[in-house]
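Thanks for coming. I will go through one model this morning, chain by chain and then contact by contact.

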Amino acid sequence: MDTRELTCINCPMGCRITVTMDGGNIISIEGNTCKRGEVYARTEVTTPVRIVTTTIKVNGGVSDRVSCKTRESVPKEKIFLVMEAINKACCYAPVKIGDVLISDCAETGIPIVATKSLEKK
Amino acid sequence: MNNSYDIIIIGAGVTGAAIARELSRYECRVLVIEKDEDLCSGTSKANSGIVHAGYDAKPGTLKAKMNIRGNGMMPVLAQELDIPFKQIGSLVVCTDESMRSGIEELYQRGLTNGVPNMKILGREEVIQMEPNISENVVCALFAPNAGIICPFRLNIALAECANQNGVDFVFDSKVLSVEKKGDHFEVTAPDEVYRCSAVINCAGCHSDELHNMVSDRKLHITPRRGDYMLLDRSTKGFVNHVIFPQPTRLGKGILVTPTVHGNTLVGPTAIDTDNKDEAPVTADGLTQVSAGSARNVEGVPLRQVITGFSGLRAHEDSGEFILEEVSDCPGFFDCVGIESPGLTACPAIGEYMASQVSAKLSLTLKKEWNPICHDVKKPFEMSANERNALIKEHPEYGRIICRCETVTEGEIIDAVKRPLGARSLDGVKRRTRAGMGRCQGGFCSPRVMEIISRETGIPLDEVTKNGGNSKILTGRTKDEI
Amino acid sequence: MRSDIVIVGGGPAGLAAAIAAAKENSSLDILILERDSELGGILNQCIHNGFGLHTFNEELTGPEYAARFEEQLAGLNIRYMLNTMVLDVESSKVTAINSEEGVFEVECHAIVLCMGCRERPRGALNIPGLRPAGIFTAGTAQRLVNIEGYMPGREVVILGSGDIGLIMARRMTLEGAKVKAVCELMPYSGGLKRNIVQCLDDFNIPLLLSHTVIDIKGKERVTSVVIAEVDSSLKPIPGTEQEITCDTLLLSCGLIPENELSRAADVKINPATNGPVVNESFETSVPGIFSCGNVLHVHDLVDYVSEESSRAGRSAAKFVSYNGPEYSKPAILIKAGNGVRYTVPSNVRDINVEDDLIIRFRSGNVYKNAYVDVLFDGEVKMHRKKQIITPGEMEQVIIKRRDLDEVDSDITIRIMEG
């Protein structure tokens, strides 16, 4: 049996959660103040995930970069693969918030969406 | 430009620039060679900005003569060249009754040197003039003709005026050797070899090295470092005059002074070093500055510090200005050891050296010479009507780039595009004050960089802080690493 | 030019204030003056997420959060001018400048100050050393990376573990830079705990508490920094020096509310916050001048900025809309008691509180298993246990309107060790 201490990253409360595990099985989760915390803890000790926020190259816009994000979390170990894929890519102005810029990023199944609108030059 | 000149001036600090301006009155080809990327890059950019009254220097010395003459020339020069200058007067403060004779001595020295209108003030008078003065004040030497000036504009304006009147300038050109070849000199820089009849050595901390290339009678410069703290403009009015302690062997001491732009300046230390190329601010220096300031003034608002800086003064072993033709190398003229009161003295040194060199080369005066040089147009120094008329015609004067010092895009464009214009962040800073305010460029520097890039064609990631390898950016995001 | 309400700054505070004012009274003319080329303020460069959990129950990035407010402007009587810098504020007049109008004045009935804050620069920190290129405040670096799309450096040391420093540690790493360490002067981090996890732990970036930078080397560009451990009086401990090779130093050492305009308007400033002293309506000491957002006190959560600014905007609209009877009773003072560095607001006129009063505050120290006490006229009224209270996380206490009736002269917020 071992315990892992986590800080939940879901919201700025940052609850300290203690996960007790036996081998690969979760025995208990304590310290969260909401259900999302429990979900986070469960995922974090098995298959940690993260949202990646960055910028992407733009052609023909008033600026040549626009901010974007993975629409949902991606496996933490794939963060740099996701970044590489975004860095190689390029999108075209005009861009609207929410536009899908890459439909499946680095084979995670998760799209990259724009988080800001950008007009054509 | 062809590489043959009558006169080559080495160094584009205040000394070289002042001499260049004076020589530009004559029919001759003059080149100023500067090792750094811009004017005003050495001692001239990191000093107290004081125009000294002249009681401090030893009577009969060149320091004394040049100080007095320079102080006398400054008001007209400031007008001709658009230099911020205020004759606010100075106080040498005595806080120990047993040191009173030192004040009397300075006063007498001042009389001998020809300093006008000095007075020794009693305790009450000093307190009235300076409410924040030390509670231990005994008396003070008051010299009304001391002043504060913008050293950047002084240097830049002297050079711009010289350039307007035909003097050439070349930058990023460190002089590697000077050789006398019969009746002329060969001055070698990394990219070029120049030829001239006379050389004027204004190379600051390196002026001994240049002198020693041509003379057997060696000179020696010790770079003397001075740390400063610059306080926010909200401290304006904390002191009203330049406040000096009584001087020591090491110099005039740590002063507390208003600056001509409304800040308060505290410093400098006087720390001898052997590094001519780097002037760090040290923890010890900062401690000395705060302790030193507290001796004469109560409650100096050091918490309002916005930046510290440090400069090197060229102290020659003799402790004097060496302003003469080198006896074993005729045609090579020294301006060596230009430490304090070098800033004050520079117009006088210009006059003095120009007269020596023009006599040597039998130069004739030009029929027309323009002493006037206008600074970058500043909308916030104009009347409201003038300002709005300017903005209507040139909308870039309506776009504020540096919020802290209220500097517009129009001013920055002017600073970049004018002859001898800025090509770096520091160059823009010295000409416009953008980046000198309380946020120290945090808000404006990306915008200033964009303007420099746009107006000069330098790619944004090659824009530098002050030339050489001082690039601000290392590349674009999403570059291949 | 004329307007009913002028709002200085079109960032999250200004947007929320404008919208709330317009909704309070749709006949009012509201003008936002913004110095940047777009609305949104600092949110435009905060491309990370964590915004909007309280406001929208969603986790948004900065630009998305800003867009939620900007969308609302269209249907409301709100004008805005971009690339416009406010130069001066008086009680019913704002002076500004832009390229089209030159210097112009706007006469108004109320002003809401939403200028945000700036970062403390190297010079104000007295960090010894040379002054090469490669030293940036974290926010300036953030702008360069996220808006202009340029890297400020490749090998980075960060001083200051506030959120901006932590966020930039991650951002620089994602864009291929090597962040060698985050140094923090205090024995605790200034940023949100979640940011330590997802910005430092995720990338194995060491957090060195009780460390500071004591020297910067490199004549033209940074070549290294020297760090040292500090003792309990925050002085470097000799012998603990370490030199770290790097080409960049990012500084995240404090935000300073930009109150030059407030001072020019003779608004009284609270030295504990460096922001205006305000009452429950977010009105400053000058009637008709209101203040909210980071210029009032530096926030950690934009959601609180929006909530506070909505109140301020609504108050400004009410101020313009009608002239009620003079409030004669002295205001209830809100005092910062043991362990509390400051409170916002500083005083309350209970007649102006509708449903509840939110008092926001920060502790001066880290407290574990402590109690937040609320005292009415010296008597404990609320006693709430908190597992952890740190200076880096703003706290709040909510007092219902009916409870306020019990207060005679003052409310004290204090922190007691458990």
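Let me start with chain B, which has twelve helices and 22 strands. Bear in mind throughout that this is a predicted model. As for burial, 58% of the 481 residues of chain B count as buried. Now take the contacts in chain B with a separation of 6 or more: 73% of them are accounted for by residues 24 or more positions apart.

Chain A next, briefly. It is divided into domain 1, residues 2-46, and domain 2, residues 53-114. The C-alpha centres of these two domains of chain A lie 29 Å apart.

Now to chain C and its partners. How many residues of chain C are in contact with chain A? There are 20, and they meet 19 residues of chain A. On the chain C side, the elements giving two or more residues are strand E3 (49-51), helix H3 (62-73) and helix H7 (193-200). H7(C) supplies the largest share, four residues. By class, that side of chain C has eight nonpolar, seven polar and five charged residues.

The contact between chain C and chain B takes 38 residues from chain C and 44 from chain B. Several elements of chain C give two or more residues here, among them strand E7 (93-98), strand E8 (102-107), helix H4 (122-125) and H5. Which element of chain C gives the largest share of the side that touches chain B? That is H5(C), with six residues. The classes on this side of chain C are 15 nonpolar, 13 polar and ten charged.

The axes of H5 (residues 138-148) and H6 (residues 163-174) of chain C come within 9 Å and cross at roughly 35°. The crossing of H5(C) with H6(C) is left-handed. From H5(C), the contact is made by C:Ala138, C:Gly139, C:Ala141, C:Gln142 and C:Val145. From H6(C), C:Ile164, C:Gly165, C:Met168 and C:Arg171 take part. By class, this helix contact has five nonpolar, three polar and one charged residues.

Methods:
Residues are numbered from 1 along each chain as its sequence is written. Chains are lettered from A and ligands numbered from 1 in the order in which they are written. This is a predicted model: local features need pLDDT of at least 70, side-chain atom pairs count only at pLDDT 80 or more; totals for chains, interfaces and linings use all residues. Axes are lines fitted to C-alpha atoms, for helices over the stretch in contact, and angles run from 0 to 180 degrees between N-to-C directions. A crossing is left-handed if the near helix is turned anticlockwise from the far one by less than a right angle, and right-handed if clockwise. Two residues are in contact if their C-beta atoms, placed from the backbone, lie within 7 Å. Ala, Val, Leu, Ile, Met, Phe, Trp, Tyr, Cys and Pro count as nonpolar, Asp, Glu, Lys and Arg as charged, and the others, Gly among them, as polar. Domain bounds come from an automatic or database domain assignment. A residue is buried if 20 or more other C-beta atoms lie within 10 Å of its own, exposed if 12 or fewer, and partly exposed in between; C-beta atoms are placed from the backbone.
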